[in-house]
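Q: I'm new to this one. Can you walk me through it?
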Amino acid sequence: MGAILAQVAVSGILLGGVYALISIGLTLIFGVLRVINFAHGEFLMIAMYASFWLFSLYGVDPYGSIVLVVALLFVVGLIVQFLVIRPILKASASMQIAATVGLSTLLQNLALVTMTANYRSVNTPLSKAVISAGPLLLGVSRLVAFLVALAITGLLFLFLQRTYLGKAIRCTAQDRTAALLMGINIDRVYLLTFAIGSALVGVAGALLMPLYPVFPTVGTYFVLAAFVVVVLGGLGNLTGALLGGFIIGLVEAFSGFYVPELKEAVYFVVFIIVLLIRPTGLFGVVGAEEVGLK
Amino acid sequence: MSVTIRSEGSMFSAYRFIPRSSLYVLAGLAVLGAVIAFTVKDKFYLHVLIMMLFYASISSAWNIVGGFAGQLSLGHAAFFGIGAYTSTLLFINLGVSPWIGMVIGGALATLVAGAIGYPSFRLRGPFFTLVTIAFAEVLRILTLYAHDFTKGSIGISVPFRPAVGNFIFRQVSAYVYVALAFLAITVLVSLWIENSRLGYYLAAIREDEDAAQALGIDAARYKLVAVLISGFLTALGGTFYAQYIFYIEPFQTFSLDFSVLLAMMAIIGGLGTVWGPVAGAFLVTPLQELLQAQLGGELQGLHLVVYGTVLIVVVILLPQGIIPSIAAWGKRTFGQREARPAASPKGDA
């Protein structure tokens, strides 16, 4: 029994890495722009389709396609920020939600019209490979997704800490007006932050392709989990998103083991409880959602 | 006749709350709908009409929370599903008339609305929206889980036993009249709210919750009242849907897409106005039904591509929605024409 529980825990943590990767882009965008992108899941869907077509048309391995997919999503992010997000930055929360929900509906059904509702998956030599570490079995794809998630988060931290642009992003997140007064081009920071957040979900899409099939509503499934993760970690909190990802991964793995049919209900209930008791998230300092990136 | 004088007194108090012009619009719609139902025999056009009235009603019900109180719920499918499942299960298992089941479902949805609303209204903006989504998802998963009771993902078919008492009619036109009555109720409730103290409180909360609190408005309480009314009316729509479509299943009735659709119609038409959701539903529904009928399964989802685009464009270009924009345009153009001769020193006399 101990070995089984350890196996469940390991699967949960590996799954959590993927959730973390999807959530980090979402939380970065929220932290800086103060907009929740309800279409974030659809960006993941676009990334997965891109990865899928690169594989089936040109034989590019999903891991090899990461660079291309990330570049594509960066551009998607630029376009969406320019056309949809920028005009609504000063609108009320309701209107911001409405616009990104509209974008989500648009992209999801555009995929339905052009790609049909069929589930598509790729088969690479690695996608089914398993390595054993003592009594534990680790899926190679999951392990890769987990390690890349950690590496990307680390890189993002370095980027935010060390580079000029990273500092400008953090500064904007903390205080828009002060950033403006320091001569930071806020418009450009917003544009690049949104594109970077979208590019991060591009990484997630390419890493998920060997693990999950892609279909037009695949984003909804992952983005609801990502919302839970992001709120759990404190909106705008990157470390929180990483830890939140692991927590939700573990919650999902264990509830899937004990109450498989109620798996999703369990993490939604966790989500509701966290929101009602600590709306700033488990690791969020009170008022963190006002201060931004930690 | 002395009795009529008394009733005139009560009419007067209703008139105080509800502007006469809106009542004329409502009466006009009712007459128009009834005439169409009486003359048009084509089943498809009647169906489109019914769906227009149905969506207008539920979007109006959503608008009480989403518009008047300014709390963007994307979990109204929960109330809708409760209404649909309660009346249908009572009808199938215990033979309870759906008319009664509808009221029970409404009461149940009101209870759930209170249970959801009371804790969630402390949250603002996106946090509130996320928690409403989570509640609806939990209800959907529980409905799937309790498959012995709800038949899970197989769904429930309502047996076709036409009778007025069963809320099942052989003639499609009968559904038009029921939908008209439903729309009249939701619009009257909206009109009453808009022009009552509750409506003013809700408007104050929507514009600036902190300021409203500072003025002594118990924001949590009035938001709660709004969600109770909204949940009840939305559940009535659930029963109507089950009785008209004859089939319910959890993925459709509890879906996030359905909640989004209600919000979308209200926002396109004009958030927080009485006629906005009605106009939004009247614009959007025919498009949906026509595209679905024309293209069938071929380009499934095309209407939603159009909806999504329209929603984004409306939010960016006409954030107040279509009805208030038209009203403002009308005031600008016609207002000036009237004002000019009066303002000019040389009149045309």
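Q: How many helices and strands does the secondary structure of chain A come to?
A: Chain A has 12 helices and 2 strands. Both are DSSP runs numbered from the N terminus, with helices (H or I) of at least four residues and strands (E) of at least two. This is a predicted model: local features need pLDDT of at least 70, side-chain atom pairs count only at pLDDT 80 or more, and totals for chains, interfaces and linings use all residues. Residues are numbered from 1 along each chain as its sequence is written, while chains are lettered from A and ligands numbered from 1 in the order in which they are written.
Q: What pattern does chain A follow along the sequence?
A: It reads α-α-α-α-β-β-α-α-α-α-α-α-α-α.
Q: And what is the radius of gyration of chain A?
A: It is 19 Å, close to the 19 Å that the globule rule gives for 294 residues, so chain A is as compact as a globular protein of that length. The radius is taken over C-alpha atoms, and the rule is 2.2 Å times the number of residues to the power 0.38.
Q: What share of chain A counts as buried?
A: Of its 294 residues, 54%. Buried means that 20 or more other C-beta atoms, placed from the backbone, lie within 10 Å of the residue's own.
Q: Which residues have the most contacts inside the largest nonpolar core?
A: L21(A), A47(A) and A204(A), in a core of 200 residues. Such a core is a set of buried Ala, Val, Leu, Ile, Met, Phe, Trp, Tyr and Cys residues joined through C-beta atoms within 7 Å. Helix α1 (residues 2-33) of chain A gives the most to this core, with 15 residues.
Q: What does A204(A) touch?
A: Leaving out residues up to four places away in sequence, it touches V18(A), L21(A), I22(A), L44(A) and A47(A). Contact means C-beta atoms, placed from the backbone, within 7 Å.
Q: New topic. How many residues do chain A and chain B put into their contact?
A: Chain A puts in 34 residues and chain B 35. On the side of chain A, the largest share, 15 residues, comes from α4(A).
Q: Last one: at what angle do α9(A) and α11(A) pack?
A: About 35 degrees, with their axes 10 Å apart. Axes are lines fitted to C-alpha atoms, for helices over the stretch in contact, and angles run from 0 to 180 degrees between N-to-C directions.
Q: Which residues make that contact?
A: α9(A) uses A225(A), V228(A), V231(A) and L232(A), and α11(A) uses Y267(A), F271(A), V274(A) and L275(A).

How values were computed
A residue is buried if 20 or more other C-beta atoms lie within 10 Å of its own, exposed if 12 or fewer, and partly exposed in between; C-beta atoms are placed from the backbone. Two residues are in contact if their C-beta atoms, placed from the backbone, lie within 7 Å.
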